Amino acid sequence: MTKRLLSSLGTVAALAGMWALMSTPASTQTKSSAPPLVITAYGGKAPATPYKSPKTPWGEPDLVGVWSSDDDAGLPMSRPQTFGDRLYQTDEEYAARQRQIAQRAKQGDESAVGPFRFDYARRAFAQTSLIVDPPDGRQPAYTPEAFARAMPRGTYGNGPLDWTTDFSTYERCITRGILGSTLNVIYGNGEEIAQSPGYVTITYEMIHDTRIIPTDGRPHVGSKIRQLLGNSVGHWEGDELVVETTNFTSETAIGVNGNGNRHSPDLKLIERIKRVAKDIVQYQVTIDDPKTYERPWTMSFPLTPLDGNRILPYTCHEGNMALTQSLGGERAEDRALAEDLKKGVVRPRRPVQDGLGVGGQPAGPGGGFGLGGGRGGGRGAAPAAAGADTQER
């Protein structure tokens, strides 16, 4: 307890003064109007004895641990239409899911050698989609203006690439955004929660973001202050940590790895986090952005202990060689086109990716490496999103 408390307090102390200076006058914290927590970890079947959350030495619910969305591998964000409004699988469907998970884990354990290994689920959950509201489990439609905020896809597309802003913040190793850092992907799904009196911190494994969430009743910072991860303030409702985040930029998106159309600066996230078993934290988030989605929507899914119980260094960094190489290739093509034109040769521009994204997969929507999907192997090194760097495992 002493070690985790000191590590958390070190960061908090350095930033506490800054938060206070930026904050607007204090106001009374009120309960959130977001939908109540949906505990999907139980598969719709509540346990005979409700779980009682442990407490920290100062009396708050204890969320401390290294958690992961690894066990959500294979759960779609939007529900396949064949399930209709059904949030949970039937007993037969769940049994098939358990067999699938067991087989995948066996294959992963047997092939977990060498530096390039992916993570995989070891535990099955019965929900049919991450989205729990709307009732059909489908992501609401984008508004027309949202399509003007398409995420740049430099590493996954064919360009043209004029500058670093033609790459997403994920590809530039800056951030995947809050939801992009929480949703399940092929590796790097760890997140460490630490607590100290008046604060909760969440450190994400991939792209190494840390959120400092005060729970002391302070309001949001002034509306002119905008941050990639927004400004988060939290409070406790019984054993639930409720976090409201506002003050975003429009540089990140909601999807897996931060993909999809970018949200607007008006985005508001309401997260509900509750320990519902010794080895399960239920995570729920409501996305409210009327300039991007036709209605608010909510995802809820379990987080379980990370295999190995510690997050590992992620060596992706802004300015990595993938951007230099991609932009250098584009400038070389500029010169080649000009030289050909001097010779009277008019030809189509050759894309820098030559039709392929990271990992050699076809570029374009759904292409490229690191977008989720299949699993194999165990926790090991894998190429970083931007292609040239690797994660230490």
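How does the lining of the second largest cavity divide by class, and what number of its residues are nonpolar, polar and charged? This report answers that question after an outline of the chain. The model described here is predicted.

**Overall organisation**

The protein chain contains four helices and 10 strands. Along the sequence these elements follow the pattern α-β-α-β-α-β-β-β-β-β-β-β-β-α. Of the 393 residues in the protein chain, 51% are buried. Among contacts in the protein chain with a separation of 6 or more, 68% are made by residues 24 or more positions apart. The protein chain exposes about 17500 Å², and carbon and sulfur atoms supply 56% of that area.

**Cavities**

Rolling a probe the size of a water molecule over the atoms shows where empty space is left. The count for this model comes to two cavities of 30 Å³ or more. The table sets out their volumes.

| Cavity | Volume |
|---|---|
| Largest cavity | about 40 Å³ |
| Second largest cavity | about 30 Å³ |

The lining of the largest cavity consists of Gly-177, Ile-178, Leu-179, Phe-248, Thr-252, Ala-253, Ile-254, His-263, Leu-267 and Leu-269. Helix α3 (residues 177-182) gives the largest share of this lining, with three residues. By class, the lining of the largest cavity has seven nonpolar residues, three polar residues and no charged ones.

The second largest cavity is lined by Met-151, Ser-168, Thr-169, Tyr-170, Thr-175, Arg-176, Gly-177, Thr-252, Ala-253, Asn-257 and Gly-258. In answer to the opening question, the lining of the second largest cavity has three nonpolar, seven polar and one charged residues.

**Nonpolar cores**

The largest nonpolar core has 32 residues, and those with the most contacts inside it are Leu-269, Ile-287 and Met-299. Two or more residues of this core come from each of α3, β4 (199-204), β7 (240-246), β8 (268-277), β9 (280-288) and β10 (297-305). Apart from its neighbours within four places in sequence, Ile-287 is in contact with Ile-254, Leu-267, Lys-268, Leu-269, Tyr-293, Pro-296, Trp-297 and Met-299. A second, separate core has 10 residues, including Val-185, Ile-186, Tyr-187 and Met-206.

**Particular loop residues**

Several loops hold residues with individual backbone or surface features. Asp-133 and Pro-134 are joined by a cis peptide bond, with omega of about 10°. Pro-134 is located in the loop between β2 (131-133) and α3.

His-208 has a positive phi of about 45°, although this residue is not a glycine. The loop between β4 and β5 (210-214) contains His-208. Because its relative accessible area is 43%, His-208 is classed as partly exposed.

Asn-247, which is also not a glycine, has a positive phi near 60°. This residue lies in the loop between β7 and β8. Asn-247 counts as buried because its relative accessibility is 6%, and the cut-off for buried is under 20%.

Gly-238 sits in the loop between β6 (231-237) and β7. With a relative accessible area of 59%, Gly-238 is exposed. The C-alpha atoms of Gly-238 and Lys-274 are separated by 9.5 Å, and the two residues are 36 residues apart along the chain.

Methods. Residues numbered from 1 in each chain as written. Predicted model: local features only at pLDDT ≥ 70, side-chain atom pairs only at ≥ 80, totals over all residues. Heavy atoms only, no water. 1 Å grid on protein atoms, 1.4 Å probe; cavity = no way out; pocket = protein on both sides within 12 Å on 5 of 7 lines; lining within 4 Å. Points joined across faces, edges and corners; volume = space filled by probe spheres on them. Nonpolar A, V, L, I, M, F, W, Y, C, P; charged D, E, K, R; others polar. Core = buried A, V, L, I, M, F, W, Y, C linked by side-chain atoms within 4.5 Å. Buried < 20%, exposed > 50% of the residue type's maximum accessible area, 1.4 Å probe, protein only. Contact = heavy atoms within 4.5 Å. Areas by Shrake-Rupley, 256 points an atom, 1.4 Å probe, with all protein chains shown as cover.
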